[in-house]
Amino acid sequence: MVRHWQQNVTLYQLRIFLAVLRHRNYTHAAEELHLSQPAVSAQVHELEHLLGLPLFEQVGKRLVPTQAALVLEEHARKVMAEIEAAADALESLHRIEAGRLSLVASTTIGNYLLPVTLALFHRRYPRVEIELTIENSQAVYEEVRTGRRELGLIESRVEALDESLLLTPYRRDELVLIVPPWHPWAHLESIPLAALREVTLLWREPGSGTRSVIEAAFQQAGIQPPVTMQLGSNEALKRAVAANMGVAIVSQAAVAAEVTAGWLSTVRIGEGALQRTLHLVQRRAGRLSPAAQAFLALLLESEAEPAPGEAPGH
């Protein structure tokens with residue numbers, strides 16, 4: 001009987017037991033716990049029944065703990081301390097004083113758009129561990145779908161979206177053509193998409209969100225893509241363009257530093273801007289952690305107003 005008592009003892013009973021042990025009296029323990037005296041004594045008797053051992057002996061008006069009570073006391077205090085520690089840890093998570101923020105983002109977003117938001121998040125919640133993985137857009141879907149990451153941020157959406165995933169648009173991003181500063185197009189305000197048939201176009205690998213947008217733009221315009229060269233990162237694209245290997249289409253955010261330094265020039269494509277919508281990806285049935293909820297609120301808050309010098313809607 002004693003071997004199986006732990007399967008039936010409740011935290012409620014242990015809490016009552018410890019109160020009775022402190023006061024050596026059912027009535028005073030009941031007052032502390034805001035219970036009736038019969039309810040307290042009934043729970044102690046039930047606990048004794050489960051243990052198969054007496055816990056108290058009545059001596060006058062006081063209860064004297066037995067050896068079994070003294071043994072149980074040591075372990076009951078440890079159990080209650082662990083419960084309190086768990087409650088404190090969960091409360092810290094609720095207040096976002098601890099925990100982990102697990103994100104996966106496509107290349108442009110992770111390298112050029114997210115750092116400012118993550119820095120702000122870290123200032124607000126310095127004890128939250130931040131884990132950011134950077135992949136191409138297709139891999140972002142898989143990381144979120146399989147539950148390896150709570151939230152994903154992508155540059156383009158796939159045609160057949162897994163029903164288990166939920167996409168939320170959160171900002172617009174303009175794609176621009178980058179050329180060396182001495183290129184004939186460097187000082188033009190814009191060029192037509194068809195003009196790219198005359199040059200070597202450098203672009204990213206299949207699965208890249210930027211590449212998907214460019215391919216869709218050529219297809220919609222009924223234009224055959226020009227001779228291309230495939231490179232594996234935005235940094236490689238920028239260096240290749242600076243070396244006059246060709247031209248490339250990238251996010252405006254990805255070349256801000258190079259344009260300021262005078263290493264590259266940007267040109268708009270077409271009469272209007274070549275834009276795309278950036279999306280958040282999460283599991284439809286998943287419940288975000290408090291840290292992820294706070295990050296999501298901060299991200300949408302920071303994107304609600306345009307950055308200095310940026311046109312509304314960008």
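A salt bridge is a side-chain nitrogen of Lys or Arg within 4 Å of a carboxyl oxygen of Asp or Glu. This is a predicted model, in which local features need pLDDT of at least 70 and side-chain atom pairs count only at pLDDT 80 or more, while totals for chains, interfaces and linings use all residues. Residues are numbered from 1 along each chain as its sequence is written, and side-chain values use heavy atoms, with hydrogens and water left out.

**Exercise 1. State how many salt bridges the structure holds, and describe the one between R100 and E131.**

Step 1. The structure holds 15 salt bridges.

Step 2. In one of them, the side chains of R100 and E131 meet at 3.0 Å, N to O.

Step 3. Classify the accessibility: buried means under 20% relative accessible area, exposed over 50%, and partly exposed in between (1.4 Å probe, protein chains only). R100 counts as partly exposed because its relative accessibility is 42%. E131, at 23%, also counts as partly exposed.

**Exercise 2. Locate the salt-bridge partners E155 and R276, then E258 and K238.**

Step 1. The closest N and O atoms of E155 and R276 are 3.2 Å apart.

Step 2. For E258 and K238, the closest N and O atoms are 2.9 Å apart. Helix α9 (residues 256-261) holds E258 and helix α8 holds K238, so the pair ties together parts 20 residues apart in sequence.

Step 3. E258 counts as buried at 13% relative accessibility, and K238 is buried with a relative accessible area of 5%.

Step 4. Salt bridges that share partners also join R100, E131 and R149 into one network.

**Exercise 3. Describe the packing of helix α5 against helix α8.**

Step 1. Two packed helices are described by the angle between their axes and the distance between the axes. Axes are lines fitted to C-alpha atoms, for helices over the stretch in contact, and angles run from 0 to 180 degrees between N-to-C directions.

Step 2. α5 (residues 107-124) and α8 (residues 234-242) pack at about 80°, their axes 10 Å apart.

Step 3. Angles under 35 degrees count as roughly parallel, over 145 as roughly antiparallel, 65 to 115 as roughly perpendicular and the rest as oblique. α5 and α8 are therefore roughly perpendicular to each other.

Step 4. With contact meaning heavy atoms within 4.5 Å, T107, T108 and Y112 in α5 meet N234, E235 and K238 in α8.

**Exercise 4. Find the buried residues of helix α6 and what covers them.**

Step 1. In α6 (residues 137-145), the buried residues are S137, V140, Y141, E143 and V144. They fall within an arc of 165° seen down the helix axis, so they line one face of α6. The arc is that of the directions from the helix axis to the C-beta atoms.

Step 2. Their cover includes β3 (100-106), β4 (129-135), β5 (151-154), β6 (165-179), α7 (209-221) and β12 (274-283).

Step 3. N136 sits in the loop between β4 and α6. Not counting residues up to four places away in sequence, N136 touches S106, E205, P206, G207 and S208.

Step 4. After α6 comes G147, whose phi is positive, near 85°.

Definitions and conventions:
Helices (H or I, at least four residues) and strands (E, at least two) are DSSP runs, numbered from the N terminus.
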